[in-house]
Amino acid sequence: DTWEFVVITVAEQSLNAQPKDGAYIKGLWLEGGRWDVDAGTLAEPNPMELYCPMPIVHFKPVERDKKKGSKGVYQCPLYTYPVRAGSVDRPSYLMDVDLKTGPRGDWQFWSKRGTALLLTRDDL
């Protein structure tokens, strides 16, 4: 089994029930990019914006052979905290989250930029 990631476009208040499968995850931050809610894709961050809030993401378990294709998708690394290297007793990397790349096209752009999802920030 593997995961499918659905970025939720409705307001949090309208999510009045738990998902049938998986979990809704809120409080993630994007570093090196932002989420364009209208387009439903990654986008350039606004000037002077280091961290951008990510909408709620539905982490949905799916069978490996039923997972959608990865064209136009960036496998965005998810880290516990901004120090990506972590330490021996406390690794930071958790998993990759598939995010649509949008008009920037390919995953290489976002990879070179170091775009990542974070559970927490240094400045909070």
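These legends describe close-up views of a predicted model.

**View 1. The largest nonpolar core.**
The largest nonpolar core has 17 residues. Those that touch the most other members are Leu 30, Met 54, Leu 99 and Leu 117. Four strands each supply at least two residues of this core: E1 (2-7), E7 (57-62), E8 (73-79) and E9 (93-100). Strand E8 gives the most, with 3 residues.

**View 2. Leu 117 and its contacts.**
Leu 117 is one of the residues that touch the most other members of the largest nonpolar core. Neighbours within four places in sequence are left aside in this view. Leu 117 is then in contact with Leu 28, Trp 29, Leu 30, Met 54, Cys 76, Pro 77, Leu 78, Tyr 79, Val 97 and Leu 99. Among these contacts are Leu 30, Met 54 and Leu 99, which are also listed with Leu 117 as touching the most other core members.

Another nonpolar core lies apart from the largest one. This other core has 5 residues, including Trp 29, Tyr 51, Ala 116 and Leu 118.

**View 3. Thr 101 in its loop.**
Thr 101 sits in the loop between strand E9 and helix H1 (107-113). Is Thr 101 buried or exposed? Its relative accessible area is 1%, and under 20% counts as buried, so Thr 101 is buried. Not counting residues up to four places away in sequence, Thr 101 touches Thr 41, Leu 42, Gly 72, Val 73, Tyr 74, Asp 106, Trp 107 and Trp 110.

Gly 114 is in the loop between helix H1 and strand E10 (116-118). When residues up to four places away in sequence are not counted, Gly 114 touches Glu 31 and Arg 84. In sequence, Gly 114 and Cys 76 are 38 residues apart. In space, the C-alpha atoms of Gly 114 and Cys 76 are 9.0 Å apart.

**View 4. An open sheet of 3 strands.**
The strands of this open sheet follow the order E1-E7-E2, and their pairing is antiparallel. Strands E1 and E2 (23-25) stand at the edges. Each edge strand has a single partner strand, so one side of each has no neighbour in the sheet. From one strand to the next, the twist averages 30 degrees.

**View 5. The pairing of E2 with E7.**
Strands of a sheet pair through backbone hydrogen bonds, in either a parallel or an antiparallel way. Strands E2 and E7 pair in the antiparallel sense, over 3 bridges. Ile 25 stands opposite Val 57 in E7.

Note on methods: Residues are numbered from 1 along each chain as its sequence is written. This is a predicted model: local features need pLDDT of at least 70, side-chain atom pairs count only at pLDDT 80 or more; totals for chains, interfaces and linings use all residues. Side-chain values use heavy atoms; hydrogens and water are left out. A nonpolar core is a set of buried Ala, Val, Leu, Ile, Met, Phe, Trp, Tyr and Cys residues joined through side-chain atoms within 4.5 Å. Buried means under 20% relative accessible area, exposed over 50%, partly exposed in between (1.4 Å probe, protein chains only). Contact means heavy atoms within 4.5 Å. Two strands pair if DSSP finds at least two bridges between them. Axes are lines fitted to C-alpha atoms, for helices over the stretch in contact, and angles run from 0 to 180 degrees between N-to-C directions.
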